[in-house]
Amino acid sequence: MLLIFEQLLNGLQYGAMLFMLAAGLTLIFGIMGVINLMHGSFYMVGAYCGAFAIIQTGSFLAGVLCALLGAGLYGLLVEVTIIRKLYQRDHLYQVLATFGMILFTNQAMTLIFGRTPPMVEIPAILSGSVPLGGGLEYPIMRLALIVVGAVVAVGLWYLVTRTRVGMLVRAGADDREMVDALGIDIRKLYTAVFGFGAVLCGLAGVMAAPLLAVEIGMGERILITTFVVIVIGGVGSVRGALVGALLVGMVDSMGRAFLPQLLQLVFTPTIADALGAGLVSASIYVLMAIVLIVRPKGLLPARG
Amino acid sequence: MRQRIAFGGLFLLLVAVPIAQWLNYPFAVSFLTRFAIYALAAVSLDLVLGYGALVSFGHAMFFALGGYVVGISAFHVTDAEPLFGWLGSNSALIVWPIAMLACGVLGALVGMLALRTSGVQFIMITLAFGQMVYFLLVSLQAYGGDDGLLMKRPNTIPGLNLANPTVMYYVCVTALVVWTAFCMRLVDSHFGMVLRALRQSERRAINLGVAPHSHRLLAFIISAMGTGLAGVLWANYALLVTPDMASWAKSGEFMAVVILGGVGTLLGPIAGALVFTGLEGVMSALTEHWMLFVGPILVLVAVYGRSGLLGALLKERHV
C-alpha cells in the first residue's frame, strides 16, 4: 500500500515535468500550427544553462534564472530566424528544419559545455525528505517539482482563460487574419508564445537537473514522450496535455514498479526480466495506441 | 525529362565503380553502396511522403525489421538453438522475401492504426510506433540488446559472392533500379492516380467514389516493404544490425534525404541520397563537429528549397 502511494507520487512528479513541456509544445502547435521537434532541445539548453550556473555560483536560484533566460532567449532567436518562415508551410518542412536544429543544438552544446555531463546536487533547501504519514518519507525535491507543475498549470489556466493576452492567443488560434485586422501585431504575439514555451522547457530542464542526468540527447528522449502525452490528451489542447501528462507519468512509474513482479507470476524470472524491461519502456506507446483506437483525436481534443 | 534523368542516372550508377577503381579511390565502393541503400529507403519513403501526402516519421522501424530478420535468421544457423523448430537460414532467396513480408505485415498493422488519424497526429503516431520497435529491439537480450547482432558472413545467392564489395554494390544498385522502376510504374498507374487525387483534394476524390483508406494503406505497406529491403541490404553490407537502425534519428535522416532531393518525384530522393551521404562523408572526414554544419544545411533546405534538388526539373511538386 505504501509502495503504491509512493509510486503514485512518483507518477505525479514525472507527470508534472511532462506537463511543463507538453503545455508549451501543444500551445505552439495549437496556435501557430508549427510542429516543433526542437522543444526537447530547449529543455536540454535549460538543463545545461541551469547546471552550469549552479556549479559556478552554488545557488539554485541563479540556476533557475539562468535556465529560464538561456532557454527563452534561444527560443526567441530560433523563432525569429527560422520558425517564422515556416508558419504557412507544410508540416514536412517544419519537421526537417527543426530536426536539423536538433543536430546543430546537440553539437553546439557539446562544444560549449564539453562531453562530460555536469553533475548537479540537490540544493540544500530542497534536500532531504518529509514524512507524509504512514511511515512514508518522500524527497522534498520531487515534491517541489509537483508543486511547480501545479503552479504552472494554474497559472497557464489563468493566463489563457482570464487575461487579455490569453484571449488574443485563443482568438489567433481560431482566426489569424481576424486578430491581425484588429490591429494586433500577430507576429510579435507568436514570437512571445514561442519564447514562453521555451521558458517552460527551461524550467522543466533545471528542475530535472538534480534528479536526472544532464546530457546530450536528453531532449530527444523527453520530446518523444511529450509527443505521446499530446497525442493521448488531444493535439492543441492544454487541458489534454495535463491529463495526458498525468496519465503517462502514472503508467510509466507504475509499470516500472510493478510490471516485472506481475510478469513473474506467469513467466520464469529470466524471461520476465527481459520482457519486463522492454514492456515498461514501450508501455506508454501501448497506452497511446489503445487511446487512439478508442478516440483517434485524443482524450480531450481542442475545440474547432 | 524524367526518362532522360533516369537513364542518365542509371548510366552513372553502373559506371561509378569502374571509374572509382580506375581513379584508385578505395573508399568509393563502400560509399556508393551506402548511397544505393539510402536511396532505396528514400524512394520507398517518397511513395507515402510525396504521393500519399502522409508524413511517416517512423520508417526506420521497417529498415530495422528487414535487417533484424536477416540477422536473426543467420544467427540461428550458426550460434543458437533452432527458433521454434526452424534452423535459420543464410540463403538470400529464402530470407529476403521473408524479411520483406514481415515488413509488409508490420506496415499493415501500423498503417491501419495510424491512418485513423491524419496530419500532425499521423506524424506522432508513426514516430511512436518506431520507438516501440526500437525499445523492443533493445530489450532482445538474446540478439545482443543494445549492442546489436553481428553477422559472420553475408547471405548467399547462387552464383554471386556478396562478400565481394563490388558484387555487393551491383546487387544494391539492381535492387534500387528495379524497385524505383516498379514505384514509377505504380505512381503512373490507376492506383497512383488515385493517390495523387487524394493528395490534391481528399473531399473531391471521395466524391468521385474513391476509397481513401485502402489506397493509402496499400501505399504504406508497399513503402514499408521497400524500406525493409533497404534494411536487408544494410545488414548484408555492414554485417551488423543494431537497434539504432530503428531510431527516430534514422527516420529523420530518411525524411531529410527525400526532401533534399524533391518530394513526390521518386528520382529526386536518389539524388538526395547521393548528396546526403556525400555530405555526411565529406563533413565527418573534415571535422568531428560535422553536425554543426549538416544541421543548418537541413534548415536551409527546409526554408528555401521547396522543390528539392531535382524537383524543379521533374516538375512534380508537393504542397
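**Note on the interface of chain A and chain B**

1. Extent of the contact. Chain B puts 44 residues into the contact and chain A puts in 43. The model is predicted. Together the two chains bury about 4000 Å², and carbon and sulfur atoms carry 80% of that area. On chain B, Met124(B), Trp248(B) and Leu292(B) supply 15% of the area buried against chain A, more than any other three residues.

2. Polar terms. The rule finds 1 salt bridge across the interface of chain B and chain A. Arg115(A) pairs with Glu288(B) in a salt bridge, with the closest N and O atoms 3.0 Å apart. Between chain B and chain A, 5 residue pairs are in polar contact, both residues of each at pLDDT 80 or more.

3. Elements on the chain B side. Three helices of chain B each give two or more residues to the side that touches chain A: α5 (119-139), α10 (248-261) and α12 (291-304). The largest share comes from α5(B), with 13 residues. By class, this side of chain B has 30 nonpolar, 10 polar and 4 charged residues.

4. Record against model. An unreviewed UniProt entry lists "transmembrane region" for chain A at residues 12-35, 47-71, 91-113, 140-160, 189-214, 226-251 and 271-294. Take two of these spans. Residues 91-113 of chain A are 100% helix and 0% strand, and their end C-alpha atoms lie 32 Å apart. Residues 226-251 of chain A are 85% helix and 0% strand, with the end C-alpha atoms 14 Å apart.

Definitions and conventions
Residues numbered from 1 in each chain as written. Chains lettered and ligands numbered in written order. Predicted model: local features only at pLDDT ≥ 70, side-chain atom pairs only at ≥ 80, totals over all residues. Heavy atoms only, no water. Contact = heavy atoms within 4.5 Å. Buried area = accessible area lost by both parts, 1.4 Å probe. Salt bridge = Lys/Arg side-chain N within 4 Å of Asp/Glu carboxyl O. Polar contact = N/O pair within 3.5 Å; in protein donor to acceptor, adjacent residues only side chain to side chain. Helix = DSSP H or I, 4+ residues; strand = E, 2+ residues; numbered from the N terminus. Nonpolar A, V, L, I, M, F, W, Y, C, P; charged D, E, K, R; others polar. UniProt positions renumbered as here; feature names shortened; annotations may be inferred.
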